[in-house]
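The following exercises concern a single protein model. Please study the sequence and the structure before reading each solution.

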Amino acid sequence: MNRAPALVVVGAGPRGTGLIERIAANAPEIHGNRPLDIHLVDPHPPGAGRVWRHDQSPLLWMNSMAEDVTMFTDETVRQEGPVRPGPALHAWAARIRDGRIALPGGSAVEPVLLDEIRALKGDDFPSRRLQGVYLRWVHEQAVAALPGSVAVHWHRDRAVRVTGARDGRQQVWLETREEPLPADLVVLTLGHLDAEPEPEHVELTAFAARHGLVHLPPDFTADTDLTRLPAGEPVLVRGFGLAFVDLMVLLTEGRGGRYENGAYVPSGREPVLHVGSRRGVPYHSKIGYPWRGERATLPRFLGPDLIEELLKRDGPVDFRRDLWPHVGKELGYAHYHRLFTAHPERTRGDWSAFEAEYAAADPAGPALRALVRDAVPDPADRLDLEALDRPLEGVRRPSFDALQEVLRAHITDDLARRHDPEHSPDLAVFLALLSAYGQLSRLGDIGDWWHGFFSHLASGPPGPRLRRLLALSRAGVVRFLGAGMTVAADEERGLFVAGSATVPGGRVEARALVEARLPAPSPDRTRSPLLRSLYEDGAAATGSGLLSVDPDDGRILDRDGRPHPRRFALGPFTTGRAGAAFTRPRTGGPAFRQNDATARRALALLRGPDCTGGGPRDA
């Protein structure tokens, strides 16, 4: 007798929700009205997951404007399945205000969130809690769109291991359940994962314990116990990305500070944050103006043909040798297209002639540089990726006091530029970065440098956050350490000591050190028992600690490169990491493409006799 096949999805946050949406979109074509049981396993409510859950500080914002956040596909997504349009975050809020749609059922939407929905505009940066409400609504819509023959079950639990033969049903074991969930297919959509501290951090934590200090290793800032950082004392912060911005907010406004007329009014409960990093500067501000006019057609020099060629090569891909020249040419193409079409008074010659010579030039050759030099008179209008990546390269100051105004000027200039349409080639480069990221995601693990570079240019904080950082600097609550930050443990004095390449010989001593970044993925140090069990069962990991998956459909690869026929994985812990689970509308959404491919592969397998206990049923 035939039985309903079972799909277990471990992780019901935005990535799991995106997969359910694609299953609903593709099921009529591939699975018909056949029965299917979908089991969602997550200790957090479906939709929002851990990062976007309600139980966090209302001070924490999204890192994108409301109009730049959607969970729905459009015609720019390169997918086989059908487009199922839906509202971006700002349009969703507008529809709620107009009474055209209802809030997600069973969700406690408190008055402050209702007020936020009523006031939300496209260029606002919503709270993470509001994004969680949107994601819960999307989840409900995705489940409602499934055929009536599909049943969805949520298990508020954690999956701890998966067992089962390659050619047989799988068993998904849960933390609080004695019997496993039987599964014909398993998809892991786990999001960012916790990890045990790296060896350096183990030593620093032990040093802190010996001397009564505080060391906070990499972690999700919203989940970190910040009460251990005392008021008024210096705190060293290593990391100047988005985790630092969260830390800054929670230790200032979160402790009762406020802003008045652009100045910060301390509560007296703040520590003094001494922040540095490899670059020594915060990520570039989010761009604060919309696109107007003609867009360059992308991808142009970094497209599917090049990616396919690289995938067919024997041996690993070297990012700097094999990819960076093409990335640079792609970004440059978008930059100069925008300069010629939107700001022609700053160029020489016409675009068509420039484009033809640009296309013919070697990406890393002198002809390309000469072409740009002749066509773009002002060096400030030329794209200099190395300078963007290392803004403090060669900058030296005699003291940390002398450095503060240098950093404030850098941040002020960046804010002005990123909110001025006269610099709209920056927005063109941003869009080209999104395109490039989507293409490169098919290549698997290409190292961490590219992801850091992308985040620095394209995933920076909202402009208001950087304006508040300036106010905190002027108030003396934040102090800048510069680039090439170093940290040492002074055993004799029992203190952490920080320095930087920007201030040779400078020292800052403190009794507390915070590592402001997420834990790095690692098969050896992951705190996920589920992932550990997969590695023990033969799943492959890369040198960067990512779970190896098939670039086309997300099937988990073993150490011989064979895809597992019944196990899939999607998300930032895999070699298919593709940025956020949601994306900016009309930018191709690589995560959406991956979700669609995995959903179609899974549905095709689930309708087969191996998953139904007999011959396939009629649709």
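A pocket is an open set of grid points with protein on both sides within 12 Å along at least five of seven lines, and its lining residues have an atom within 4 Å of a point. The model examined here is predicted.

**Exercise 1. Determine which helix gives the most to the lining of the second largest pocket.**

Step 1. The second largest pocket holds about 800 Å³ of space. It is lined by 30 residues, and those closest to its centre are Thr76, Arg78, Gln439, Thr587 and Gly588.

Step 2. Three helices each supply at least two residues of this lining: H7 (304–312), H13 (425–440) and H17 (590–606).

Step 3. Helix H13 contributes the most, namely six residues.

Step 4. Sorted by class, the lining of the second largest pocket comprises 11 nonpolar, nine polar and 10 charged residues.

**Exercise 2. State in what order the six strands of the open sheet are arranged, and explain why one side of strand E3 and of strand E18 is left without a neighbour in the sheet.**

Step 1. The order is E3-E2-E1-E7-E19-E18, and the pairing is mixed.

Step 2. Strands E3 (150–155) and E18 (555–557) stand at the edges with a single partner strand each; therefore one side of each has no neighbour in the sheet.

Step 3. On average, neighbouring strands of this sheet are turned by 30° against each other, direction ignored.

Step 4. Strand E2 (residues 36–41) runs parallel to E3, and six bridges join the two. Among the residues concerned, Asp37 has Ala151 in E3 as its bridge partner.

Step 5. Helix H16 (residues 529–536) packs on the sheet, where it touches strands E1 (6–10), E7 (185–188), E18 and E19 (563–569). The direction of H16 makes about 120° with that of E7.

**Exercise 3. Explain why strand E13 is described as largely enclosed by the rest of the structure.**

Step 1. A residue counts as buried under 20% relative accessible area.

Step 2. In strand E13 (residues 478–482), four of the five residues are buried, so the strand is largely enclosed by the rest of the structure.

Step 3. Strand E13 pairs with strand E12 (residues 272–276) in the parallel sense, over four bridges. The bridge partner of Val275 in E13 is Phe480.

**Exercise 4. Decide whether Thr412 is buried, partly exposed or exposed, and name the residues that it touches beyond four places away in sequence.**

Step 1. Thr412 belongs to helix H12 (residues 400–418).

Step 2. The limits are under 20% for buried and over 50% for exposed. Thr412 has a relative accessible area of 35%, so it is partly exposed.

Step 3. When residues up to four places away in sequence are not counted, Thr412 touches Leu470 and Arg474.

Step 4. Leu470 is 58 residues from Thr412 in sequence, while their C-alpha atoms are 8.0 Å apart in space.

Note on methods. Residues numbered from 1 in each chain as written. Predicted model: local features only at pLDDT ≥ 70, side-chain atom pairs only at ≥ 80, totals over all residues. Heavy atoms only, no water. Pairing = 2+ DSSP bridges. Axes fitted to C-alpha atoms, helices over the stretch in contact; angles between N-to-C directions. Contact = heavy atoms within 4.5 Å. 1 Å grid on protein atoms, 1.4 Å probe; cavity = no way out; pocket = protein on both sides within 12 Å on 5 of 7 lines; lining within 4 Å. Points joined across faces, edges and corners; volume = space filled by probe spheres on them. Nonpolar A, V, L, I, M, F, W, Y, C, P; charged D, E, K, R; others polar. Buried < 20%, exposed > 50% of the residue type's maximum accessible area, 1.4 Å probe, protein only.
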